Amino acid sequence: MMHLSPVICPRKDCNDEIAFAAMRCAGCGHTDVGYPNVRYADDPAEVAALDARARTAFALADADGSRAVLNEFELACSKSTAVTVMAPVDLLSIVSANKLWVSFYKQSRDAGSRVAEDNKWDMNRSANDGKVNPQYYEEINYAALSLTDRGSGWYGGCHVSLIPDRIAVRATVFWQNPFSFLKDKPLAPDEIVPPGYRASWSRRAELAVVKLHSKIHADTKADAFASILLEDDPGRGDTEFIEVHIFGAVAPTAFAKVTVDVSRFDEDQELDWESVKRRLARRDIPISETKLG
Ligand SMILES: [Zn+2]
């Protein structure tokens, strides 16, 4: 597959190649083969490309006197978290009915509970997602990399922070949301995303440095880091952020905190939110209600 190297089954005496999107070795049944998105991000060519771009970023920072601040930014991003945003009614079904947080595709097809909209995002969603996460895109849950309790955009108003330890093994980060990425860098039908735009969870700060180093200057203050990593935009739109891709269903035990902007709820959402609040309290998941206007 283009620049990607084959992955060999880790079980002794097997040596079969693990299929690109497989969750187990088809030859011996060994199941400890990791997640497809993580294997992809850990591909030697991907890692080498990102490392090379990081060296360039740090060399430029050395030259213009911003290295110390860039180091600080990298350290801050190494503690960044994933925040996803959903509507109160969706959060309610997860915390009340012991359901799981599943991908857009699982919601709309398997459960039949989500209606795709005829907007530019939903109409192009599978084509774009499939380019960035080929073969396994239907398994991916999306979040934004954040230094605060807030994720990207409106999308329903409940910002759910995830506990890093509970997603690390199956999470990767990607340059942008696939829609924006492919708008900026169109790919031919037979091309895959070039290497250097994705990283495993433990290397998320390196991707942040590579993407954002030109916004870090010698006089950039640490309190500006959050809005450099994730653009402030309370409206639904094409904001810039690093996307977190989490493979497979996520249980509410992975929720660290829920932050909502209550001033934007309509009546139905207010009612749902009241129910969500009670259920979150029962699960000892802290909430924060803000009024951002
Ligand atoms: Zn095997």
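Here are some friendly notes on this predicted model, point by point.

1. Ground rules. The model is predicted, with local features needing pLDDT of at least 70 and side-chain atom pairs counting only at pLDDT 80 or more, while totals for chains, interfaces and linings use all residues. Residues are numbered from 1 along each chain as its sequence is written, and side-chain values use heavy atoms, with hydrogens and water left out.

2. The zinc site. Which protein atoms are the donors of the zinc ion? They are the SG atoms of C9, C14, C25 and C28, lying 2.2 to 2.4 Å from the ion. Donors here are N, O and S atoms within 2.8 Å of the metal (3.2 Å for Na, K and Ca), and since water is not among the atoms, sites may look incomplete. Along the sequence, the donor residues follow the spacing C-x4-C-x10-C-x2-C.

3. Geometry of the site. The arrangement is tetrahedral because the 4 donor atoms around the zinc ion subtend angles of 104 to 112°. For four donors, tetrahedral requires all angles to lie between 85 and 135 degrees.

4. The classes are buried under 20% relative accessible area, exposed over 50%, and partly exposed in between (1.4 Å probe, protein chains only).

5. N15, a loop residue. N15 sits in the loop between β1 (7-8) and β2 (17-18). Its phi is positive, about 65°, although N15 is not a glycine. With a relative accessible area of 58%, N15 is exposed. Strands (E, at least two residues) and helices (H or I, at least four) are DSSP runs numbered from the N terminus.

6. D284, another one to look at. D284 also has a positive phi, of about 60°, and is not a glycine. Its place is the loop between α11 (267-282) and β10. D284 is exposed, given its relative accessible area of 68%.

7. I287 and its surroundings. I287 belongs to strand β10 (residues 287-290), and at 33% relative accessible area it is partly exposed. Beyond its neighbours within four places in sequence, I287 is in contact with V258, W273, K277 and L280; contact means heavy atoms within 4.5 Å. I287 and G65 are 222 residues apart along the chain, and their C-alpha atoms are separated by 41 Å.

8. A127. Helix α6 (residues 120-132) holds A127, which is exposed with a relative accessible area of 55%.

9. The cavity. How many cavities of 30 Å³ or more are there? The count is 1, and the largest cavity holds about 30 Å³ of space. A cavity is a set of points on a 1 Å grid over the protein atoms alone where a 1.4 Å probe fits but cannot get out, and lining residues have an atom within 4 Å of a point. Points are joined across faces, edges and corners, and the volume is the space filled by probe spheres set on them.

10. What lines it. The lining of the largest cavity consists of N37, A41, N133, Y136, T172, V173, F174, R198 and H245. Two or more of these residues come from each of α1 (36-41) and β6 (171-174), and β6 gives the most, with 3 residues.

Terms used. Four donors count as tetrahedral if all angles lie between 85 and 135 degrees; four count as square planar and six as octahedral if opposite donors are over 155 degrees apart and all others between 65 and 115; anything else is irregular. On a 1 Å grid over the protein atoms alone, a cavity is a set of points where a 1.4 Å probe fits but cannot get out, and a pocket is an open set with protein on both sides within 12 Å along at least five of seven lines; lining residues have an atom within 4 Å of a point.
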